[in-house]
Each structure stands twice: as C-alpha cells, then as structure tokens.
Amino acid sequence: MSIRRRGTAAGAALALSGAGVLLGLAASPAQAAEVSYATHCVPPAGISPIDGTTKVEITAPATAKVGDTVDVVWKFVQAASKNPDIIDLPANSVQPSGILKAAGAQVADIAMQGPRQNPAIPKGAAMVLSDMKGSIKLTTAGEVTLTPDAYTVNAMSTDTRCTPKETVQKAATIQVTGGGGGTSSPTPTQSTTPTQSATPTSTASPTATGGSGGQTDFTGKEVQIPYACKTPIGDKNATSPVQINARKNNGDFDLTVQFKKSVMNSPADIPKGSVKPSMEVVLGGADKGTVHVEGPTNAKDIKSGDPIEIPDLTGTYKPGASGTSTLSPGVLTVKALGTTTTCTPTKTEVSLTLDTSRQPGGSSGGTSTSGGTSSAGGGGTSGSGGLAQTGASDHGALKALGLVAGTAILLGGAVFTFMPKRRAR
C-alpha cells in the first residue's frame, strides 16, 4: 500500500510490513497512520443497522509541492460491519468506496474507491475490504490534514452505508511547499457511486389478434407490469416491460415471453446452469387459467464484469375455450440452488389477444398447462423492454438477483441487477 507523487522519476519500491503498512517512495517519504472511530452502518432494507468500530490506516506523502497531484491509500484494518448471517459472499463480490476529508491549508473531499476484490466471506464473518485509492491536486501551501469519513460497502450491488458516530482524528498530514506552479482552483472530485441510466422504454404496438385465417405468427404488445416480489428477507416493488408472442401450431399456440433490451454486468463469477426463470401467463376473455413458460438455465459461466442475459421464456398454450382469449404476464419466479423468489403483478395488462378453439385437455377452468421448451417465433417486429434495473419502487425498477455461492437469487441483503440483453432475430 503506497502513495506516491505522480510523475516522480524514482520508482516506488513497495514492501509489506508485518503490520500491513507499505513502505517505500524514496523520492517523497510516505507516512502511514491508523485511526479508529465508532461507526453506524445501515445495510439494505430488511437487515438491522449495525454499530461497530472502523479502523483505518491512511498512507500519503509527508511532503509535496503546490501543483503536485498526490495519491492517497485508505487501508481497512477493520470494517465496522460483518457479513450478515444470510449468504456466503463469493470472492470478488464486495467493493468499498468512501470520502477522505482534506482540511487545513486546502479543504476538499477526496473520492476513494477500491477494486471489487476480496476472498470468499462466510456468513457472519468479518468483512474483508480492499484498499481504497484516491488522489488530490495540491493548490495551497501549508499543512493539509487527511481524515477518513463515511464509506459504503457494495456487496453485489447492494449498499451498506457507514458513517462516523464521533469526531474522527486526522490520520495523515502533508506539508505542502510553494513553487510548484499549481493554481488555487478547486480540486475536482469523482463520484463514488456510478449513476445508472434508467431503462429505456418504447411505445407499445397494438394488441395482436389471432384470427381463424392463415396467419400463424402473432406479436403481442409490450406492457409495463408492476411487481411485488417476495424475497427470503423482505419485499421489493418493481415495474418491468414484458411482451408475449405466439405461433399457432394446429389448435395450440407456442408462446414466447420476452424480456428484451437492457444489459448489466455481473458483479461476480456465476457458474453455468445456476439460474432458472419461469412465469405463469394469465388467460382471460373466453379462456381461464394459466400457462407455464420457462427459460433454460445459463448455458455457460458468466465472468465478473460480463453482461448477463435473461432468455426467452417458452411454453405451449392449449386453449380450453372457443372465442377471444387474452394473455397477460403473470407471476414471475426465479430459482437458484433451491432458493425461490416470487414476483406477483399488482396490476396486469393484456399483451396478446387470440381467437381460440377449444382443444382436448385445454386450460379452461383455471388449470395450469406445463409449457416445456417449445420454440415460438414473434412473427413481426418486437417492441423493446426488459427486466428493469433494480431499485426502490419510486424508480420503477426490478431488484433482481443476488449471488449465493456464485448463483443468482433475489435477496435484499445481497442484490445485483439482472438485465436481459437484446437478442438478434
């Protein structure tokens, strides 16, 4: 762990001491000091707040000149919170960020961030956080003090926010001398939390209607469905765009439910065959009941940082009544390693309308028809949509899948956004 002045000709030789302090920097002597402070941490909804002690070691150059941009390292000797007794956190799934306060001759908030790099952390174990780094351009001669402040622990895209409960003592001091050619303009700071753009939506196409003529492919409209999701540790509200298409197969219809457009990157490695989505399509109009549709599990490993895709959900609709029948998105279920999350629409909307003829063993009367894996084409241009980004209900986004042993489940305590990728047709 070392902080060095950028542009220095001499290379910094890094060595790790028994106490975990990196020594080096022949050109500009580094100093490291440890401070501890009482901290209040607020985990995601459903988990009780935590009061603990944070121990931090700040490393920075002892001296510098006006105009220098110096690097600073924040080492967590001890984090205030532990991993809740909910799931084991996989390796490389936790990322810290925070603010280091500069005061004295120059006042600034230094944005600090560490890599998503950690060993596997068992349930109830102490959090192991990577070193955070940041930089500051020195603009004023004099003594600049560095003091750790609030920080955030992001465990698979779920934030635990920790703030000091007492006045924190300074952890390092930089003696800044003049003559470096710097200016007194404010030091630009970088955001510690990336801003994620809202999931784009598109205007829905008219409801498709299947007649008794020669048409075989029917494209539904994209509809916005608000969901109430039951997770192992709490509830989540969300709105997701969904589209139902059908292909006529004699008297039956092969259904395809699409979550399209919008991509997210995986916060950790996910093994193949670990995520299984399904839905119950709700029948209305002349017919009653539900049709089960499901998608395949992920066919290959998903590496941390790679995009995650949700596949089409497919199944077979065997009409149980003759007349005009409607199809609407229903209960969405995600299973992973024996853990199930259920998202129920609080209000539904018709995506597809079909003219149907009753088939033996059809769906009328509220029975569920297993869908299998029949393939269904859209028969036209599909609208855009997607399983929206996770967030609070006022953001209209769906908190999707957290990782258990590298596998996705919906958890308030360890959640990441599951975004389907647009598929070429």
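Reader: Over which residues does pLDDT stay under 50, and how many contacts beyond four places in sequence does the model have for them?
Author: This is a predicted model. Residues 365-425 stay under 50 in pLDDT, and the model has 249 contacts for them beyond four places in sequence. Residues 180-212 are also below 50.

Reader: How should coordinates be read where pLDDT is low?
Author: Not in detail.

Reader: And what is the mean pLDDT of the protein?
Author: The mean is 72, with 64% of the residues at 70 or more.

Reader: Switching to rings. How many aromatic pairs are there?
Author: Five. In one of them, F76 and Y151, the ring centres are 5.0 Å apart and the planes sit at 65°, which is over 60, so the pair is edge-to-face.

Reader: Where in the chain are F76 and Y151?
Author: F76 is in strand β6, residues 69-78, and Y151 is in strand β10, residues 142-155.

Reader: Now M127. Where is it found?
Author: M127 lies in the loop between β8 (108-113) and β9 (132-137). Its relative accessibility is 11%, so M127 counts as buried.

Reader: What is M127 in contact with, leaving aside neighbours within four places in sequence?
Author: The contacts of M127 include L89, V94, I121, V153 and K82. K82 is 45 residues from M127 in sequence, yet their C-alpha atoms are 5.1 Å apart.

Definitions and conventions. Residues are numbered from 1 along each chain as its sequence is written. This is a predicted model: local features need pLDDT of at least 70, side-chain atom pairs count only at pLDDT 80 or more; totals for chains, interfaces and linings use all residues. Side-chain values use heavy atoms; hydrogens and water are left out. Rings of Phe, Tyr and Trp (its six-membered ring) pair if their centres lie within 6.5 Å; planes under 30 degrees apart count as stacked, over 60 as edge-to-face and the rest as tilted. Helices (H or I, at least four residues) and strands (E, at least two) are DSSP runs, numbered from the N terminus. pLDDT is the predictor's confidence in each residue, from 0 to 100. Contact means heavy atoms within 4.5 Å. Buried means under 20% relative accessible area, exposed over 50%, partly exposed in between (1.4 Å probe, protein chains only).
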